[in-house]
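Thanks for coming. I will go through one structure today, strand by strand and then side chain by side chain. Please have a look at it first.

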Amino acid sequence: MILTVTLNLALDVTYQVPGVDWDGVNRVSAVHRRAGGKGVNVARVLAALGHDVLVTGLAGGPTGRAVEADLRAAGLPAALHPIAGDSRTTLTVSDLPASGTTPPAEPTASGEPGAAGAAGEARTALFNEPGPEVTADELAGFLRHFESLLDAADAVVLSGSLPRGAPADTYAALAAVAAGRGVPAIVDADGDPLRHAPKGRPAIVKPNAEELARAVPGGGPAEGAQALRGQGAQAVVVSMGAEGLLAVTGEGTFRARMPYTVRGNPTGAGDSLVAGLALGLVEAEPWPARLRRAAALGAAAVATPVAGDFDPDVYADIHPQIIIT
């Protein structure tokens with residue numbers, strides 16, 4: 001079982017609007033509302049691949065109850081810890097044509113493999129609420145809850161933003177607790193939580209190129225990844241848009257190169273990628289196979305309008321064409 005931790009759970013709302021008028025009134029062609037947050041998206045992908053998952057995190061208020069109801073409706077097992085504050089809502093506005101593929105392009109701002117998003121093309125805008133402020137008592141209660149779930153877990157995914165009130169080293173602390181119980185952890189974070197993450201000795205840290213550059217200024221992705229490894233991470237996997245993935249591991253350095261660019265919505269592509277890394281971790285796959293599956297899942301997620309989904313046809317097509325060196 002893979003345990004996914006989302007401390008800043010959300011109700012994700014996605015608007016699909018063909019031809020957005022960014023200065024005027026728009027008619028929404030499709031609306032999607034469902035439980036979200038990066039760990040929830042990871043769990044959706046893992047469940048779609050037939051793997052056992054358990055979603056945990058902090059949930060409160062009417063929005064938290066809506067998140068719990070959606071998880072039940074989706075058949076995603078969850079063990080959420082209650083808080084007093086109301087969980088957040090996120091809004092994604094996608095101005096997108098039908099998805100498709102093109103020859104390889106330059107890396108994109110999303111930092112996820114296979115994602116297209118060059119200037120002048122269709123755009124996706126995200127509006128993320130900060131979420132509730134949590135108390136020290138609520139965090140201590142979650143830590144006890146988290147420890148109780150580790151007995152059944154084969155791996156843990158710690159991902160997404162931290163709620164207000166949570167210390168920046170929260171993911172490092174949770175990863176260290178998991179490691180002490182023999183459960184490997186993957187951390188997918190940004191900013192200070194990413195900088196602190198290696199202290200918990202996670203099995204994998206997964207930044208994108210922009211996040212890594214902010215955490216380790218100066219030098220390129222390889223140097224930044226090596227720096228995080230030197231601080232305690234066992235492996236660092238960097239997503240670099242259409243240039244694919246870079247993995248700096250104890251077994252060597254690997255590159256996964258994408259054969260073509262998938263156009264669509266990059267929101268959630270990194271979560272699908274992390275799902276692939278988590279599967280490779282629990283199945284003890286060699287790094288080349290692990291990276292190929294992760295990169296293919298990330299690209300296949302771009303072809304779908306909603307985070308937490310992936311296009312199986314795109315996955316089947318692109319997977320064997322990814323080049324590992």
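Which residues of β9 point one way, and which the other way? A155, V157 and S159 point one way, V156 and L158 point the other way, and all are buried. Buried here means under 20% relative accessible area, with exposed over 50% and partly exposed in between, using a 1.4 Å probe and protein chains only.

Before going on, the conditions. This is a predicted model, where local features need pLDDT of at least 70 and side-chain atom pairs count only at pLDDT 80 or more, while totals for chains, interfaces and linings use all residues. Residues are numbered from 1 along each chain as its sequence is written, and side-chain values use heavy atoms, with hydrogens and water left out.

Back to β9, which covers residues 155-159 and is mostly covered, five of its five residues being buried. Strands are DSSP runs of E of at least two residues, helices are runs of H or I of at least four, and both are numbered from the N terminus. On one side of the pairing list, β9 pairs with strand β1, residues 2-6, in the parallel sense over four bridges. Two strands pair if DSSP finds at least two bridges between them. A155 in β9 is the bridge partner of I2. Strand β10, residues 185-188, also runs parallel to β9 and is joined to it by four bridges; there, A185 is the bridge partner of V156.

With helix α4, residues 170-180, β9 and β10 make a right-handed β-α-β unit. Right-handed means that, with the strands pointing away from the viewer, the path from the first strand over the helix to the second runs clockwise.

Next, V238, in strand β12, residues 236-239. V238 is buried, at a relative accessible area of 0%. Leaving aside neighbours within four places in sequence, V238 has contacts, meaning heavy atoms within 4.5 Å, with residues including P207, L212, P221 and L246.

Now the rings. How many aromatic pairs does a search of the whole structure find? It finds two. In one, the ring centres of F310 and Y315 are 6.3 Å apart and the planes are at 70°, so the pair is edge-to-face. The rule is that rings of Phe, Tyr and Trp (its six-membered ring) pair if their centres lie within 6.5 Å, with planes under 30 degrees apart stacked, over 60 edge-to-face and the rest tilted. F310 is buried at 16% relative accessible area, and Y315 is buried at 18%.
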